[in-house]
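Here is a friendly walk through one model, from the whole chain down to a single side chain. Please keep the structure in view as you read.

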Amino acid sequence: MTDERQHHSDRGRIRVSGFDSERVTEREPLSNWTDDTGGETVGRWRRGLRRFTRNRSAMGALVIVVLMALAAFFARPIEVAGVVVQPFSLAPYDPTTILYLQDPSVDVYGPPSWDYPMGIDGSGRDLFSRMLVGGRYSISIGFIVVGLTASFGLIYGAVSGYYGGNVDELMMRIVDTIYAFPGLVLALIIVAILGGGYWQLVLAFSLFGWAGYGRLVRGEVLQIKENEYVLAAKALGARDRSVVFRHIAPNAMPPLVVLASLNIGSVVIGVAALGFLGLGLAPSTAEWGTMLDATRETLIQGPGGRIPWWATVYPGAAIFIFVMAMNMIGDGINDALDAQQTGVGRGGEE
């Protein structure tokens with residue numbers, strides 16, 4: 001009688017063979033599970049960082065960028081509101097100091113020597129000091145512009161892709177209009193209207209530079225918003241702002257980071273190009289492109305029949321090395337965050 005009752009009570013139940021409930025309750029925490037590489041299961045960003053640190057070329061490029069940034073930062077003392085916040089000085093001379101006024105033996109366009117490792121420019125100023133200080137302008141403008149444009153592009157693309165319909169149509173037509181003009185031409189027009197200057201250059205490259213980020217993020221959001229965790233958040237009554245900025249935007253970040261790292265070099269080249277055309281900073285400013293503009297006439301025929309190659313080679317080499325290093329970093333980030341290589345889905349889950 002007891003067996004019959006047990007048989008009736010088990011009728012209609014679903015039984016899964018090979019499933020041990022005790023293993024579920026006694027298993028190790030998820031954070032201690034191992035992946036195919038034998039390490040702990042980690043998030044996409046930590047896994048990407050691990051892969052990036054194993055990329056020797058990318059790490060070497062990162063060291064170069066950090067050293068150049070530190071050299072620019074410590075080139076001359078920095079004073080903010082009358083308070084010296086950085087008292088060190090790697091540059092032996094002020095970048096505006098005319099050396100032959102202090103020492104008549106100093107030769108204009110003097111070649112590199114022990115006293116002046118990179119030589120003297122056409123105005124009698126130490127080229128090594130100007131190279132160090134010039135990095136402050138080029139490098140800082142690159143990072144500030146990319147920070148502003150990537151942030152706005154992330155918001156713009158996330159909103160466009162999430163709402164879709166007429167909102168997406170209107171916002172993307174604005175992006176298409178911006179893409180109808182070359183970015184450097186738009187920056188040139190803005191600088192021609194506002195005049196040269198540090199913040200004018202930042203505005204010139206930021207005002208329309210977000211379009212590429214917006215289009216990229218919009219494409220990612222169109223795929224991410226169909227994932228189950230986004231639909232679940234909507235079903236639970238989460239607000240659109242919460243869904244976009246807590247669930248969608250963070251998962252659209254990897255391709256944005258890759259594009260941003262590559263665009264830093266592009267901005268530095270753009271700033272140098274405007275400086276070379278005489279539309280950037282003031283002619284006496286120690287900015288790499290402006291320094292090239294000041295000496296471009298000597299490329300054909302220098303003073304006294306000699307060509308001061310050092311006046312153009314060093315600023316050009318600084319631009320080349322920095323941009324090349326940033327491109328290598330971007331490639332390393334792209335490899336580290338690639339979904340197929342890391343085994344992480346586009347939604348950010350295993």
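Contact here means heavy atoms within 4.5 Å. On that basis, residues 24 or more positions apart account for 67% of the contacts in the protein with a separation of 6 or more.

This is a predicted model, where local features need pLDDT of at least 70, side-chain atom pairs count only at pLDDT 80 or more, and totals for chains, interfaces and linings use all residues. Residues are numbered from 1 along each chain as its sequence is written, and side-chain values use heavy atoms, leaving out hydrogens and water.

The protein has 16 helices and two strands, taken as DSSP runs (helices H or I, at least four residues; strands E, at least two) numbered from the N terminus. Of its 350 residues, 39% are buried, meaning under 20% relative accessible area with a 1.4 Å probe, protein chains only.

An unreviewed UniProt entry places "transmembrane region" features at, among others, residues 57–75 and 137–158; such annotations may be inferred rather than shown by experiment.

| Span | Distance between end C-alpha atoms | Helix | Strand |
|---|---|---|---|
| Residues 57–75 | 27 Å | 89% helix | 0% strand |
| Residues 137–158 | 31 Å | 100% helix | 0% strand |

Now for Glu287, in the loop between helix H13 (253–276) and helix H14 (288–295). What does its side chain make a polar contact with? The partner is the side chain of Ser138, at 3.1 Å; a polar contact is a pair of N or O atoms within 3.5 Å, one able to donate a hydrogen and the other to accept it, and residues adjacent in sequence count only if both atoms are side-chain atoms. Glu287 is buried yet has no salt bridge, with Arg130, the nearest side chain of opposite charge, 9.0 Å away. A salt bridge needs a side-chain nitrogen of Lys or Arg within 4 Å of a carboxyl oxygen of Asp or Glu.

Methods
Buried < 20%, exposed > 50% of the residue type's maximum accessible area, 1.4 Å probe, protein only. Lys, Arg positive; Asp, Glu negative; His and termini not counted.
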